[in-house]
Structure formats: C-alpha cells, structure tokens
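Please open the structure in your viewer and keep the selection panel at hand. The tour goes from one selection to the next.

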Amino acid sequence: MTTLDADELRRRTQDLLAAHPPAATDRTDFLKARFDAGLAWVHYPAGLGGLDAPRSLQPVVDAALAAAGAPDNDPRRIGIGLGMAAPTILGYGTDEQKRRFLRPLWVGEEVWCQLFSEPGAGSDLAALGTRAVRDGEDWVVDGQKVWTSSAHLARWAILIARTDPDQPKHRGISYFICDMTDPGVEVRPLRQITGEAEFNEVFLTGVRIPDSRRLGPVGEGWKVARTTLMNERVSIGGARIPREGGMIGPVARTWRARPELRTHDLHQRLLTLWVEAEVARLTGTRLRQQLVAGQPGPEGSGMKLAFARLNQEISGLEVELLGQEGLLYSEWTMRRPELVDFTGRDAGYRYLRSKGNSIEGGTSEVLLNIVAERVLGLPVEPRNDKDVAWKDLAR
Amino acid sequence: MTAPTEENQAPDLLYSEAEDDLRAAVRSLLADRCDAPTVLARVESDAPYDPQLWKALAADIGTAGLLVPEKLGGQGAGHREAAVVLEELGRSVAPAPYLTSAVVATETLLALAAQDRPVAGLLGDLATGRRIAVLAVPFSAAAPDAAQPAGVVAGAVEGMVTGVADAVTADVLLVPTTDGLYAVETGTAGVSVEPLVSLDLTRPLATVRLAKAAGTRLADGASAVSAVRRGLLAGAGLLASEQLGLAEWCLTETVRYTRERHQFNRPVGSFQSLKHRMAQLWLEVVSARAAARNAADALATGSPDTPLAVAVAQAYCSKVAVHAAEECIQLHGGIGMTWEHPAHLYLKRAKADSIAYGTAGHHREVIAELVELPAP
C-alpha cells in the first residue's frame with residue numbers, strides 16, 4: 001500500500017489535473033472529480049471526498065490546485081455546510097446519509113443552513129421549543145427559528161427540535177436534516193440594524209421529516225449539536241490576517257490620507273487600538289503555530305472575544321474620525337446579500353454590523369463564562385434548570 | 001510537510017523544548033530559594049539581594065551568559081531563552097539584577113567591538129555571573145537621549161545619575177559620558193551609590209555620584225550612543241516577558257484564591273462578575289504572551305521589525321501587568337491590601353515596570369513614527 005505523504009498527494013493531484021484539465025472542464029464536473037479522487041478534504045474517509053490522510057496535508061493539495069488555476073468550491077458561499085453540517089454528518093450520520101449528502105454539499109450543488117436559535121432560545125439554546133412529534137415513519141415539526149443565514153438559498157438545514165418535553169431540557173432534543181423545500185417551511189427575511197437582511201426567520205408548520213433523516217439517537221440531539229457548535233467557534237476565530245488586515249486597515253488608511261481629520265484625542269485612541277489589533281493578530285498567529293505543532297491550546301476561545309471588541313471599537317472610532325461624513329450612511333434600502341463583506345463597506349455599516357460580533361456564535365458574556373469555567377477551572381454558577389422537565393421551565 | 005511560505009516567514013512564537021527545560025530549572029530554583037515570604041523578608045532587610053540565589057541562577061544554571069557567545073565565555077543562546085528566564089523572575093518578583101546586568105549591560109557591551117580586551121574581559125565576567133554591571137542611566141530611560149551623560153575631566157568621570165536600577169548590587173557601572181562610554185568600578189574612589197526609597201521594593205533604585213572617578217573608556221561618543229540604544233531596546237523588549245510572568249502569577253493566584261474563598265455560602269469565584277474579570281485577564285495574558293514572544297524572537301533573529309515588535313510588546317504588556325496586579329488586589333479583597341500578602345510586591349513591580357525603559361505612551365509614539373500614523 002502506498003504511504004499517503006505529501007509527495008503522494010501531489011502525484012494524485014497531478015493525476016486529477018491531467019484527467020480533468022481545469023481550462024477544458026466544467027466547474028462542477030471538476031469539483032465532483034476532485035471529490036471522487038479523495039482530494040476534497042483529505043482527512044475525510046476514502047469514498048467520502050477524502051483519503052484518511054492527516055488534515056495537515058490539505059494545504060499541499062490546495063496549493064497545487066491553486067497553482068494550476070483549478071476552480072474552488074467557493075467556501076464562503078457554503079460555509080455552514082462545510083464548517084457545521086459536514087463534520088456533524090461525518091460524526092453521527094449513517095453510511096447512507098454520508099453518501100447522500102456530503103458530495104453535493106462539498107461541491108456546492110446543495111447549500112445548507114442551520115435551524116438552531118429561536119426567539120425564546122438564544123444563549124440558552126437547550127431551552128428550545130420547536131416540537132418534533134413522531135407520526136409513523138415521520139416526525140412532524142412545528143416551531144419558529146431565527147438568525148438563519150442562507151435560509152432563502154438553502155436546499156437542506158440542520159435542525160434541532162424537542163422530541164420529549166417531559167425530560168430535562170438537554171435530554172429531550174433530537175437532531176434532524178430538514179428539507180427546506182417542504183411546503184411547511186416558510187422563510188422570511190429578518191431586517192437588521194444595518195438596513196439589510198443577511199439573516200432570516202424560518203417558520204416550520206407541520207413539516208414532515210422522515211426518521212431516516214435523523215442524525216444520532218433520539219434524545220441525544222444536544223450532544224450532536226455540541227459538535228456543530230464547536231466547529232462554528234473554530235471557524236469564526238481561525239482566519240489568518242496580515243498586519244492591518246482587519247478593520248484597523250481602513251481607519252489607518254483614512255488617517256494617512258486625510259490629515260485634516262486628525263485630532264490628538266483620536267490619535268491616542270487610534271494608536272491604542274492599532275497596538276491591540278496587532279497583538280490580536282500575533283495571538284492568532286501563535287494559536288495557528290500551536291495547532292501546526294500539535295499543541296492545541298484553549299486560546300481559540302479567546303480570539304472571538306478579542307475580535308468582537310476590537311471590531312466594535314475600531315469601527316466606532318472610524319465613524320468619529322470621519323466627522324461630518326460620519327453623520328451620513330450609504331443607503332438604508334432593504335437588501336438580501338449573499339455574502340457578508342465586513343471591510344468592503346463604509347464605516348457606518350461596519351460600525352452597525354460589528355455590534356453583532358459579540359452576539360452571534362455565542363455572546364461575549366457566555367464565552368467569558370466558558371473561559372472562566374473550562375479554561376480557568378472556576379466554579380460553575382449554581383443553577384436550577386438542569387434537572388427540571390423542559391415543560392416545567394419558566395418562559 | 002511544507003507550510004505555506006508566509007507562515008514560514010512568521011516569527012516563532014512558541015517555546016522550544018530547550019526553553020521549556022530552562023524554565024523548569026529556573027522555576028525550581030526560585031521555588032526553593034525565593035518564595036513569597038522569603039522575598040518579603042529580604043526586601044525589608046538591608047540586603048534585598050541574595051548572593052547565593054544569584055550564584056545559582058547566573059553561574060550554576062548559566063543564565064547570565066545566555067546572550068554572550070561561547071567564545072567570550074557565555075552560553076551562546078539568545079534573547080528567546082533570556083526571555084524565558086525573565087518570565088520566571090517576573091513570576092516570583094525575584095530581587096535579582098538579571099534584566100539590568102545580564103540583558104541591558106550585556107547587550108550594550110555586545111554592541112561594542114567585543115574583541116577589545118576591556119569589553120571582552122567584562123563580558124566574560126558578566127556571562128559567568130562573577131560580576132554584575134549596570135548601565136548608569138535612569139530606569140525610566142527609553143533612549144540614549146534620556147540618559148544624563150556624565151562629564152570627563154582629565155580622564156576622570158564627573159557627574160550624577162538618579163534612579164539607576166540595581167546599582168546598589170553592581171560591581172561595575174557603564175557610564176555614558178560626553179566622551180563616550182566608560183566602565184567605572186563601584187569600589188573606586190570618588191564613586192558613591194546612595195540607595196533611594198523605591199516604589200518597587202524588589203528592584204531598588206539608587207543615585208550614582210561620580211567625583212573624579214577613574215574609569216576605563218570602552219567606546220567613543222557615537223559608538224556609545226548606538227550601543228546604549230541597543231542595550232535599552234533589548235531591555236524594553238525582554239521586560240515584556242518579565243511583565244508576562246508577573247501577570248500570569250497574578251491571574252493564577254487570583255483564580256486559586258477565589259476558588260477557595262467562600263462568601264454567601266459559595267466560592268466567590270462562582271460569581272459571574274468576578275469570573276468575567278478573570279476570563280478577561282486570561283485573554284490579556286494570552287495576548288501578552290504572543291506580543292512578548294514576538295519581541296524576543298525579533299531580538300534573537302535580528303529582524304528588521306525589531307523596533308516595532310519591541311514597541312508593540314511594551315505598549316501592550318505594561319498595561320496587562322498593571323491590570324493583572326490591580327485585579328489581583330481587588331479580587332483578593334481585604335487580604336490583598338495587607339503587607340503580609342505578597343500581592344503588593346507584584347503591584348509595585350508592575351507599576352514600576354510600566355515606567356521602566358519608556359512608558360506605554362512613549363512606545364505608542366514610537367509606533368506612530370514607525371508605521372506612519374503621525375500626530376496632528
């Protein structure tokens with residue numbers, strides 16, 4: 001048997017490129033061929049887009065394909081599928097589910113969204129009230145979900161719903177794959193403080209989900225969901241940026257280009273934030289070096305906290321620096337963007353959008369609790385909701 | 001596996017195995033000889049420094065010569081290793097002239113033509129810990145122009161410098177003068193070192209007076225200025241690691257205490273208002289580590305980014321150390337305010353460190369120039 005080292009992966013990548021020259025191959029066909037060659041995500045099992053190779057070898061394949069001008073699967077467009085649905089399906093799905101869903105997910109033929117948060121279950125997600133009731137071979141789902149990005153584009157959703165209200169909240173949840181084309185699924189745009197609707201509300205009314213689309217055992221959906229959420233936090237905090245690569249970039253460029261806007265007060269605040277942004281960047285670099293060296297640390301939990309605060313403070317300073325122009329806004333027209341672009345928009349947008357950074361994917365307050373309890377080992381808050389049946393909780 | 005090129009050019013912000021071993025040796029020594037009651041007792045005595053501790057640290061473990069090449073009698077290691085030693089010294093607020101002698105004075109001498117006999121001889125003595133030298137500039141000086149150069153009359157050094165750290169334990173003073181850099185023995189006629197009452201009890205300051213003191217001229221005016229600049233840059237860069245170690249102790253001790261201390265029938269560390277403050281501090285300590293390692297690595301590799309890396313580390317870590325020490329006192333409640341508890345030693349060291357080798361504000365001004373974000 002051939003050892004799967006970097007050279008072997010380079011060889012297989014060249015074989016793929018030779019059999020399917022990117023210039024002469026349809027984009028989707030090329031991506032399917034790449035998946036079938038096991039070069040999509042090399043750490044996945046053979047037959048499911050991978051080769052059971054170490055995850056650290058993926059950059060070898062990516063670099064060779066990029067150098068040959070091969071198309072990629074536009075990961076930003078299908079981030080929820082790649083970052084959250086796929087690891088969960090891989091971890092808990094049946095063989096049939098893995099074969100059915102992973103290939104079109106990775107290729108980008110089927111977009112995924114996530115039906116977790118509810119109006120009554122935000123930080124306390126496990127208190128969710130969307131019901132799934134067994135009816136023959138199906139589950140019938142009723143409830144309301146919120147903060148669902150890509151719901152209007154999605155073919156499938158990962159969904160958690162309550163299957164046993166008599167159990168304490170963490171124990172009565174099950175995890176499903178929901179067909180977004182079911183007639184009982186209604187998607188409505190949710191307009192945000194920026195004026196646009198990047199997210200949706202999703203109303204589920206008598207949605208029928210076959211039991212064959214359940215992920216993991218009945219009643220163990222919370223455990224399954226934790227896999228999903230862990231992957232979400234990794235993907236939110238993990239990107240590599242160059243110096244002045246984040247939100248500090250635009251404000252530093254404005255400072256250099258527009259001397260008439262400078263004041264002493266803004267100068268001191270700008271320099272303080274510049275230092276903090278640079279240190280946050282170095283902290284991210286160190287975190288990645290730890291991962292590469294096989295010494296993953298708990299630092300990842302902190303990165304999202306740091307970037308949320310920095311984005312908010314920097315964009316706030318930027319609006320102020322602009323003075324009179326800071327009083328204006330580009331447009332309040334309700335739009336439904338396909339992608340969120342944090343730095344490509346004006347300062348006012350950045351200021352408003354970044355308010356969500358300390359809420360989405362775990363509020364900063366919850367993340368501080370997690371750091372305090374899991375990293376520092378501080379005692380948990382006494383709580384009264386763990387052993388009470390969900391139906392008896394205050395709401 | 002070959003990592004992407006950009007990642008290869010990035011500074012190495014981790015600790016090597018050799019650095020971990022060095023840390024373990026220093027930590028074990030300090031646990032034996034320099035625990036909090038010992039430090040407290042020492043700083044109240046007339047002899048804040050423990051000569052046996054210095055001998056074990058500097059000579060036996062060999063930390064004094066980390067920056068000095070082997071051919072000059074040192075260990076031929078570098079700033080990354082010295083930074084690890086400083087983390088441990090910061091963690092135990094040890095009264096030891098490591099930063100001043102083994103880093104700043106040593107680096108200043110290394111900047112001079114090290115094959116010259118007086119420089120090489122002195123470096124050899126410092127590297128083995130046999131002698132201690134300090135640069136005779138105020139501890140607050142960030143650059144040579146902040147020094148108070150002494151004068152030279154007929155080959156003898158004349159002048160006064162205030163606020164010199166660790167001068168009371170030094171054998172040799174490196175004195176910037178209008179005629180270049182002089183080495184002056186503290187035992188020489190005409191040299192007086194008068195201890196000051198210092199905010200930081202663990203790193204005493206002194207006023208140095210030189211009245212027709214005989215000295216050895218080590219460098220001319222221009223070489224002296226650049227050598228002193230290099231010494232102070234290394235001092236500022238590695239001070240960040242001392243601040244990191246100090247902040248880490250404050251956080252660890254505060255977490256330990258609030259887990260045990262009960263009020264309202266609960267450990268006080270279970271209250272969110274306290275947990276969030278400690279979690280925030282943890283994030284600052286994690287960030288300070290990246291900044292301090294970046295400065296140490298830049299100094300070690302002679303990166304062209306060194307002045308920026310040092311200024312960023314100082315602008316950030318000073319604040320973190322002070323914040324950690326202040327939180328340590330507040331979250332300890334009444335006991336943290338007592339003389340008996342060591343928290344005050346850390347607060348005083350942290351506050352003094354925030355002024356040493358330039359304040360955070362000074363380093364931000366340096367950054368403004370380096371990255372072209374000019375003042376109005």
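How many residues of domain 1 of chain B are in contact with domain 2 of chain B? There are 18 of them, and they meet 17 residues of domain 2 of chain B, where contact means that the C-beta atoms, placed from the backbone, lie within 7 Å. This is a predicted model, in which local features need pLDDT of at least 70 and side-chain atom pairs count only at pLDDT 80 or more, while totals for chains, interfaces and linings use all residues. Residues are numbered from 1 along each chain as its sequence is written, and chains are lettered from A and ligands numbered from 1 in the order in which they are written.

Select residues 11–132 of chain B for domain 1, 134–220 for domain 2 and 224–370 for domain 3, bounds that come from an automatic or database domain assignment. The centres of domains 1 and 2 of chain B, taken over C-alpha atoms, are 21 Å apart.

Next, select helices H3 (36–44), H6 (98–111) and H7 (117–127) of chain B, each of which supplies at least two residues of the side of domain 1 that touches domain 2; helices are DSSP runs of H or I with at least four residues, numbered from the N terminus. H6(B) gives the largest share of that side, five residues.

Finally, select H10 (306–332) and H12 (360–370) of chain B, which pack at an angle of about 150 degrees with their axes 8 Å apart; axes are lines fitted to C-alpha atoms over the stretch in contact, and angles run from 0 to 180 degrees between N-to-C directions. Among the residues making this contact are Leu308(B) of H10(B) and Ile367(B) of H12(B).

How values were computed. Two residues are in contact if their C-beta atoms, placed from the backbone, lie within 7 Å.
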